[in-house]
Amino acid sequence: LLSPVPTSYQDPSAPLPPTAYAVRHVAFDRSGEESLPAWVGELADRPVVYATMGTAFNRVGSILETIVAGIRDEPITLIVTTGRDQDPAAFGLQPPHVHLERYVPQSLLFPRCDLVVTHGGTGTVMTALSHGLPLVIVPVFSDQPDNARRCEQLGVAKVIAPDDRTPEAFRHAVRAMLQDPSYRRNAEGLREEMQALPGL
């Protein structure tokens, strides 16, 4: 059994069998010649927050719209990917420090980020942690609640509960994460553990 997560990430209450081997996470997020948008090279000197609800849950409950409403006026650069099936223009006119795109490869973007706001899918969570990035997680379904709970236990994330998906909740979580360096330190510790694992 090949497990693409660091050993310390595994939930002690659900141990893997003795045939399990931890391997380094690899982000498979480029299906062609995708590259960074040109404006990424001109970002202002301020924290960069990336928000995504992935490709399968990006239309659930207007969560992306709520995230944008909650943090668009913060002193940050906000980058939002809407998913290829949503038009970024549908989110309305945004200030210059808010950038909406259908899709940007996370493996290219994350080296420029400080915080990730996400649904908590395993791919996004592991790619963020492999770059030492803390997370604000708003789980919806599938593997997401388990990832949210484990990330919170490890001190790398704050979790927005299903009944607390308000602009204010996202604003407070983002502010707290950016102001408390312990989340970034904990995420960087997991990054070091992941880098030490063997590749596939």
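This is a predicted model: local features need pLDDT of at least 70, side-chain atom pairs count only at pLDDT 80 or more; totals for chains, interfaces and linings use all residues.

1. Arg175 and Glu74 meet through their side chains in a salt bridge, with 2.8 Å from N to O. Because Arg175 belongs to helix α5 (residues 167-179) while Glu74 sits in the loop between α1 (63-71) and β4 (77-81), this pair ties together parts that are 101 residues apart in sequence.

2. Asp114 is in the loop between α2 and β6 and Arg184 is in helix α6 (residues 181-195), so the pair connects parts that lie 70 residues apart in sequence. Asp114 is partly exposed, with a relative accessible area of 27%, and Arg184 is likewise partly exposed, at 26%. Together with Glu188, Asp114 and Arg184 are linked in a network of salt bridges.

3. Within helix α4, Asp146 and Arg149 are three residues apart and thus separated by about one helical turn, and their side chains meet in a salt bridge at 2.3 Å from N to O. Both residues are partly exposed, Asp146 with a relative accessible area of 46% and Arg149 with 41%.

4. Gln144 also lies in helix α4, which covers residues 144-153. At 1% relative accessibility, Gln144 counts as buried, and its side chain reaches the backbone nitrogen of Val140 at 2.8 Å.

5. The structure holds one aromatic pair. The ring centres of Tyr50 and Phe110 are 5.5 Å apart and the planes stand at 65°, so the pair is edge-to-face. Tyr50 is in strand β3 (residues 48-52) and Phe110 in the loop between α2 (106-109) and β6 (115-118), so that the pair links parts of the chain 60 residues apart. Tyr50 and Phe110 are both buried. Elsewhere, Arg84 lies over the face of Tyr103, at 4.1 Å from the ring centre.

6. On the surface, Leu2, Tyr21, Val26, Phe28 and Leu200 form a nonpolar patch whose accessible area together is about 650 Å². Of these residues, Tyr21 lies in strand β2 (residues 21-22) and is exposed, with a relative accessible area of 56%.

Definitions and conventions
Residues are numbered from 1 along each chain as its sequence is written. Side-chain values use heavy atoms; hydrogens and water are left out. Rings of Phe, Tyr and Trp (its six-membered ring) pair if their centres lie within 6.5 Å; planes under 30 degrees apart count as stacked, over 60 as edge-to-face and the rest as tilted. Helices (H or I, at least four residues) and strands (E, at least two) are DSSP runs, numbered from the N terminus. Buried means under 20% relative accessible area, exposed over 50%, partly exposed in between (1.4 Å probe, protein chains only). A charge sits over a ring if NZ of Lys or CZ of Arg is within 6 Å of the ring centre and within 35 degrees of the ring normal. A polar contact is a pair of N or O atoms within 3.5 Å; within protein, one must be able to donate a hydrogen and the other to accept it, and residues adjacent in sequence count only if both atoms are side-chain atoms. Patches are made of residues with over 30% relative accessible area and no salt bridge: like charges are joined within 9 Å, nonpolar side chains (Val, Leu, Ile, Met, Phe, Trp, Tyr) within 5 Å. Accessible areas come from the Shrake-Rupley method with a 1.4 Å probe; for residues, only the protein chains shown count as cover. A salt bridge is a side-chain nitrogen of Lys or Arg within 4 Å of a carboxyl oxygen of Asp or Glu.
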